[in-house]
Structure formats: structure tokens, C-alpha cells
Amino acid sequence: MKITNEIILSHGLKIDEYSKIKTLLNRDPNFLELGIFSAMWNEHCSYKSSKIHLKKLPVKNKYVIQGPGENAGVIDIGDDDAIVFKIESHNHPSFIEPYQGAATGVGGILRDVFTMGARPIALLNSIHFGSPENTKTKSLLNGVVSGISGYGNCIGIPTIAGETKFNRTYNENILVNAMAVGLANKNKIFYSKAKGTNKSVVYVGSKTGRDGIHGASMASEEFDENSEEKKPTVQVGDPFTEKLLMEACLELMKENSIISIQDMGAAGLTSSSVEMAHKGNLGIELNLDKVPCREENMSPYEMMLSESQERMLLIIEDGKEESAKKIFEKWDLEFVVIGKTTQTNNLVLKFKNEVVASIPIDALSSKAPLYDRKWNKKKVSSKKVDLKNLESIKFDEAFLKIVSSANHSNKKWVTEQYDQMVMGDTVERSGTDAAIVRIHNKDKAIAVTVDSSANYCKSNPKTGGKQVVCESWRNLIAVGAKPIAITNCLNFGNPENPEIMGEFAENILGMKEACEFLNYPVVSGNVSFYNGTNKKNIFPTPVIGGVGLIKNLKRIQNHRFKKIDSQIIVIGKTFGHLGQSVFLEELYSLQDGPSPEVNLTNEKNNGEIILKLITSGAINSVHDISSGGIILSLAEMSLSSGIGVKISKPNKISNIFEYFFGEDQSRYILEIDKKNYPKVEKILKDNGIYFQKIGITQNNLFELDKHLKISVKELYDINNKWYNSYNGFVS
Amino acid sequence: MNSAVIVFPGSNCDRDIASALTKLQFKNKMVWHKDTELPKSDLIVIPGGFSYGDYLRSGAIAAKSNILKEVIKSAKSGSIVLGICNGFQILIETGLLSGALLRNKNLKFISKDVNLKVVNNNNKFCSKYKKDNIISLNIAHNEGNYFTNKDHLKELEDNELIPFKYCNSKGVISNESNPNGSLNNIAGILNREKNILGMMPHPERMIDDLVSNTDGIDLFSSILN
């Protein structure tokens, strides 16, 4: 077949990239080779636009065992225990086919974690939909949530935390990010780097079908009106097979048989084989006649580019093939030696006794294109929001409108579709600042959270990048965990647009600053560009997955009020920042003003004191103050406990809307037993921590001076309406 | 006391129940579905999960497995058998328990803590509970909507073969407190001889205050008794 410009472009490659391929090969590639290049050189697999920026992020602290570049990041949590975790996007497939897109997103991220020798212990997700009024939103919401639920519940890993958000920016491009967290023995971590020549390359798992061909390339393009036609590029998941694959891999990992292991994710057999060979500085030769196929007459092109799910590639020690095979047979899975490692540094593919492709490994990996794309600095608004210019509204009306809104309603409709309790170690489930999973049979736990703040990042990508890292850190602190490290999923628009590339570059700089200051490095992650349709890009939406360590299970904390007549205080300064706030968004449909700044010194000091107070056992409950400000945080504390509040605005601050809806950063609400209050006050003062007393807890009434008075029960009902009425089901 | 937990491909509560049984002083053994012999055990547990991916129909394929032939034999000779969630579905498919478990009435997977009333404690699984106790256990299923014919329902009610019914926190058994649409709010049933219990809620998830509560413990201590 002659390779025309049309064929090149339909593979998502640029004409100059094709010229580079010819130079690297010293000849024209054949059609199969072109497909392989397109699979490896697309944005999703090559990180060609993001790499130079990602290098700026800190990737190490004393807990980090493995940073970015492997299947997942690894941190040390003591006693030979390691936590393996990563977040990944499955945005494009989920928009085209929500159930399978979301399900295989979960499946893919789980494989990344158990590939490294870890048993997954928790799943999280961050899902973003268009505005609820958008005609597609309801079916996408239902499909995605069922997909996540269907996969995670079946494989039996608890889905314990996440966020579900609505914003018109995602009308034509939703976000589905899934995170998995696993537990491994730190001396038994498995990597993808191949070692030794002439070792058996083994294919395990499901058979290869024609699904998902060019999936990774699809994820590297913008959508247009023809995107529906891409349905066949979406993979179909089978959580049952993945469960078997997981058990078989974990069983095999107990023996010393595996040299290296890599899951077949994006770009399937191509990227897994190239990755292993590249890391080991070796060549790899595959005999495609041996690849287990689900369909008849599959071509080498289809086999190499299929993204069929639930498959792995292993390199096995000499002489261990038979014992390894027995384990996979026990689990009724394929186990076929399909090739070997070589000295040639080439990817060589044989089919029907012919060499059908031969490509230097480095041409597919280290010599892939790398772009320093043009980027523009964002013009940031500094205009303070002036309430005088807005139509006046009563405080209680404003508050109830937010509490009953899609974004701030109770999310039980979503979370009750997820099995949160399987594995028996879920200490805190969804709905808290961070979820907590106990390390089985041990007196310690990890806390996990996923966070994003697209509005802040849109208005000021750098401040937003800083803020979202801090928010993650704060959420872990609030449950009594020491924040250790993060994984990030960077969802952005088209990087070929200098404005979008600018959002990315500046966002990374903000993240870097916060990660460095808080000693909270990035150990794994994923970049998803081209989120947009017909040149309309989504808001920059980095999602941060944070992991923290709790060493003493007696000293965990949550945000539920514990008793009446306790003191309520706000830690951190409240200036009344309404720019980019929930208040403006929900009540006036405005995304106006600057994003809130973060003072990293205050962030760190406030957080460290909170952790100290939690450890001392002196406080009853803690909640971080985030979107919606003080009043929404208080509402969440009341709604989760049934206990009310009686609060007032401290005198100095003039405007009640600014004080209670303002989104200044680095703040927490504490509930303190009156008998403990003097002790806590002293600690705060001794450490120069700014705080304000705002009121007390009381029985069943949510009350703010003369502005707001409602029973917690009534508030609960208002907060619990939206999802059921939207989805047309009353339980 | 010896216990045996049957493991199918796709079981996913097998480790949880084994962990609970060990904690509560059972000597437990895991039994692979391809095995043709049961170890000597006083309690056989069929755990929750998605045996064989729930393909065909929940529990249908597992009910035809090698080991189930042995379980059926043993159950018919009086062994104590407990099926939880998918285990309950499997027991129904074997015919050891009668009725059917349909899709939840809202057609969605439901995972939450529910209140249950111990409506009958006159059996080996519930003797440690007081009659009319209200306990809270976790449910997590797609198909837990119990259905049976009128005669069988009458038999269940008349012969104290329903140990647990879904209720609200005050013990009221009503439509509002029925999470999945089960007939008469049934959460679990016994066979006529009362040596086999199938239930949708997960007692093994409720043995630890840190994680949830300890309302599941009495079920296991009743068996130990």
C-alpha cells in the first residue's frame, strides 16, 4: 500500500513527523510500521508537548521509592509496606461510550497498580460533566457512574472517594479520571524494565480483538461532529477477567519468575513491548502468529494496535515458563510465549514466517518528537468583585440555592452505586475531606483524596495550580494524615494553541511551587490534551490525587460535629475573597475576578498546627474550608452529624456575604470542646496562628444571627433533592 | 470450630469473610471451586462477589461447579451453610433455598448501610441476637430483590424462616425502609430445616467499630455457640 498524505494524517501524524520517520528508518515505513509509529508518537503515549514542562515538577522526598516513568508511583509507609498509586484519564472514550469508557478507565488504572506487585485497596475518581441542562449530561452521568460502579464493584476494590462536578465547559468533552491505590511489600515491587537477552516474552490475559484500535490516537485529537463514528475505537471491559488476571499475577509474583511486567494499556501490544525493551536497552522480537486472537484473520496491524483490555506482557526467567503457565491455567487465562528479548535494539515482528516490521526501539521512544510549543502568559484579572454591581439577594436565599444546587447537593445517588466497604478496611467513606483505608491487620492507615479547581485554574493557571495542590494537602491534614505525595491528571485543551499551552505551562509552575514548599512531590500522573470540540477548549482542569499516612488509628479525625455547645473557630484569615467563587457561579452565573491567592507559609503553618492538635486529641472535628466558604463548610459539618450551629459574623468584617461565602485559602473550621478550648487557644497563640471564634454548636438548628435560621433536618432534605429529581427516581 | 470458605473465580468477599472468621476464632480453610472434596468443617460459607462474572445470571454458573455438588450433599445432611450476597444468589440457584433474587427495584447497584430487624432468632445463626433487635449491616448488590410465590412466602413467615427484614432506625418495616424492593422486606431466609441461611447484607463487614460497627459479630458467635 502506498502511503499517501491522507493516510499519514488519518494516523494523527503530521507530514513533518512522517519525514522524521523516514529519516530514522532510512527508508519508507510500511503500513504496519506507520501504524506503530502513530501509536507511539501520539500525544497520549509520547508526552511530546508536555515533557519539557513536566520535568520541572519535584518527584522526590524521603518516602518516594519510585517516581514518574513507571506504571505507577511508589511510596514507603514503613514496616516494609509500600503504597502504589496513579491517576489516569479516560475522557475521550467516556464521552463517546460512557459505560465502557468509564469502566475501562477503572480497569486500566487498576492494571497499572497491580502490575507493580500491589494488591489494589482503593479506587477514586474525578468526573466532570457539562451543565445539567445540556441534553447529553443526564445519559453521560448515568453511563459513567454505572461504568465505574460496574467495574470496581465486580473486581471487588472499594471506590471510596471522588468528586462529581458540573460545568458548561464540559458540555462537549466530559472528564473521567480514575485513580487506584495499592499495597505492596516494598521489597517486592515489579518494574517494566526488561533484563537479559533471549528471555521469553509472554502474553497473558484476554485474547486480542479488534476493539480499541487507534484508541490512543483518538485521545490525541479534538472532537468534531464526526466523533460518534469513533465508537469502535472504544474498548470493552470485562472486570471478571481482570479479577482473574489480577489474582493470577499476584499469585505468580509470590514466586521469583518475573523479570519484568507491563500491562497492555494505551496502544496495547505495541507500547508494552517497546516500553519494556526501551527501558532495558534491548531489542524485542514477537511472533504474531502466536498472539491469542478473539477474531479470525486478524492482521499484524490490528494485533499491534488493538487496545483489547485485561492483557499483560511478561518477561519470564529461564525455566520458569511451565510453573508460571500452571498458575494462569488455574485461572483459565491465556499464557503464551510470543517472543523473546534480543540484542538488536530493534522491534522485530514476524508473521507467517516473514519479517513484517523492523523498527529501532529508540525511534519509537527516545527519538520520538519532542515539542517546546509556543505558549502565551495569561492576562490575569485583578479587578476585585464588587457586590454593589450585583443584584441584591437575601442571605438565606443565597445559601439555600447553593445547598440545593447540582454541584453542592448530597452525592449519595452517585456514591451508593459504588461498593465502598468490600475488603473490610474502609474507615472513612466518600463525603469526608479524605477517605481513609486501614492497612489490613495493622494499626495504621492511608488517607486519599482527589481534588480539582477548574475555575481558579482558568482565571489564573499559576495560582490555580498552586491552590489545587494545597487543597489536596489540606484535605489530608483535616483527617489527621501526614500528606506524603501526589499523582496528577492534567486535563487540558489543544496544546497547539499557545493560549492553552500557556495554561499548561503556568499551571505546572504553580504546582511546582506548592509541591516543593509542602514537600509533597508528584510520583505519577497522566496528561490529557485535546479536551475540546471544534476548537472550543475545556477549562484547564488538573486533578490532584493525594495520599497521606496515618500512623495511629486512634488519632484520626472527621468533619462530623460531635456534640452541642462546643466552640467553633475558624483557623486562617478571612478577607472575603469572592473572585471565581461558588457564590458568583451559582447565583449570578459569573466566572469573574481573580482566583484566590495562596500564601504557602500560612498554608504550611496552619496545616501543621491542625495536625498537631488532632494528634493531641484536643479537638472534636475539623473541616477544611473550600469552595462555598465558611458557611458551606459549616453546613457540611451539620448535615453529616445532625447537629446545628449558632454563629455570628465577627464584628470587624463588614460584609456578611464576603465573610461567609469568601473563598480565602488555607483555612479550617474546628469544633472544640469548651473544656479543651483554653488549651487549644494557647497552642494557637503560642504558634502565631490566626483564628476567630464564630459561635457554638447547638441542637438541630442551623442559625446565623438574623440572616439564617433553618432546622438541620430541613436543610438535609433540601440538600438531598437534586440528584433524585434530576434522574427521575424517588427511592 | 472449623469453617470452609468456597472460592469461585470472581468471588471478592472471600478474603473478608476468611479474615472475619479467623478473627472470631474459627479455624478456616479456603476451598477452590474445582476441588471435589470439602474439608471437614462445621460451617460452610459461600461468600459474596461476582462468581463467574455474574454472567448468564447471578450465581447460575457457580451453582453447577464441582464443589457445589459436595456443598449440596453436606447441606442436605445437616451441615451449617451460610451464603452471603452472591452466596445467597448461588444457594437460590442450587435450589437449596427457594425463591428468586431479582434486580433491585431502582435498577441500580446499591451499596449502603441498612437497618435490619431480627424478626426471628430461633435458629443457629441468630440465637445471640434478641428477637426484634435492630441491627445495621452493609448491603452491596445489584440483584437483591427477593421474590417468591404466595405459598412459599406463607411458609417462610409461618415457620420463622425469615431471620432479617429491612426496617428503619426505629424498627418500622415499610416500603420506605425497603432498599431493593424485596417481598415483605426480606433480607435473608432459612431453609425448612434451618441449617442453611442466605442473606443479602454482609455481616463480615460489621465486626469492627473502627470500620463500621460490630452488629455482625453475633451472627458468627451464634454459630460458634
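At what angle do the axes of helix H3 and helix H11 of chain A cross?

1. **Basis of the notes.** This is a predicted model, in which local features need pLDDT of at least 70 and side-chain atom pairs count only at pLDDT 80 or more, while totals for chains, interfaces and linings use all residues. Residues are numbered from 1 along each chain as its sequence is written, and chains are lettered from A and ligands numbered from 1 in the order in which they are written.

2. **H3 and H11 of chain A.** To take up the opening question: H3(A) (residues 31-41) and H11(A) (residues 268-280) have axes that come within 10 Å and cross at roughly 70 degrees. Helices and strands here are DSSP runs (helices H or I, at least four residues; strands E, at least two), numbered from the N terminus. Axes are lines fitted to C-alpha atoms, for helices over the stretch in contact, with angles from 0 to 180 degrees between N-to-C directions. The two helices are therefore roughly perpendicular to each other (the class for 65 to 115 degrees; under 35 is roughly parallel, over 145 roughly antiparallel, and the rest oblique).

3. **What meets at that crossing.** On the H3(A) side you will find A:Ile36, A:Ala39 and A:Met40, and they meet A:Thr270, A:Ser271 and A:Val274 of H11(A). Contact here means C-beta atoms, placed from the backbone, within 7 Å. By class, this contact has four nonpolar, two polar and no charged residues. Ala, Val, Leu, Ile, Met, Phe, Trp, Tyr, Cys and Pro count as nonpolar, Asp, Glu, Lys and Arg as charged, and the others, Gly among them, as polar.

4. **A:Cys45.** This residue belongs to helix H4 (residues 43-46) of chain A. A:Cys45 counts as buried because it has 24 C-beta neighbours inside 10 Å. The cut-offs are 20 or more other C-beta atoms within 10 Å for buried, 12 or fewer for exposed, and partly exposed in between, again with C-beta atoms placed from the backbone. The C-alpha atoms of A:Cys45 and A:Ser271 are separated by 8.0 Å, although the two residues are 226 residues apart along the chain.

5. **Helix H8 of chain A.** H8(A) (residues 137-155) has 19 residues and spans 27 Å from its first C-alpha to its last, close to the 27 Å expected at 1.5 Å a residue; the expected span is 1.5 Å times one less than the number of residues. As 15 of the 19 residues are buried, H8(A) is largely enclosed by the rest of the structure. After H8(A) comes A:Gly156, with a positive phi near 85 degrees.

6. **The six-stranded sheet.** In chain A, six strands form an open sheet with mixed pairing, in the order E14-E15-E16-E21-E17-E18. Strands pair if DSSP finds at least two bridges between them. E14 (426-428) and E18 (522-528) stand at the edges with a single partner strand each, so one side of each is left without a neighbour in the sheet. E14(A) runs antiparallel to E15(A) (residues 435-438), joined by two bridges, and A:Glu428 stands opposite A:Ile436 in E15(A).

7. **The seven-stranded sheet.** Another open sheet of chain A, also with mixed pairing, has seven strands in the order E23-E25-E22-E26-E24-E27-E28. Five bridges join E22(A) to E26(A) (residues 691-699) in the antiparallel sense, with A:Ile571 opposite A:Phe691. E24(A) and E26(A) are also antiparallel, over five bridges, and there A:Ile647 faces A:Gly695. Helix H18 (residues 461-478) lies across E23 and E25, at about 170 degrees to E23(A).

8. **Chain B against chain A.** How many residues does each chain give to the contact? Chain B gives 21 residues and chain A gives 26 residues. On the chain B side, helix H1 (14-23), strand E6 (110-118) and strand E7 (134-141) are the elements that give two or more residues, and E6(B) has the largest share, three residues. That side has eight nonpolar, eight polar and five charged residues.

9. **The E6–E7 pair of chain B.** E6(B) and E7(B) pair in the antiparallel sense over eight bridges, and B:Val114 has B:Leu137 in E7(B) as its bridge partner. E7(B) is mostly covered, with six of its eight residues buried.

Methods: Two residues are in contact if their C-beta atoms, placed from the backbone, lie within 7 Å.
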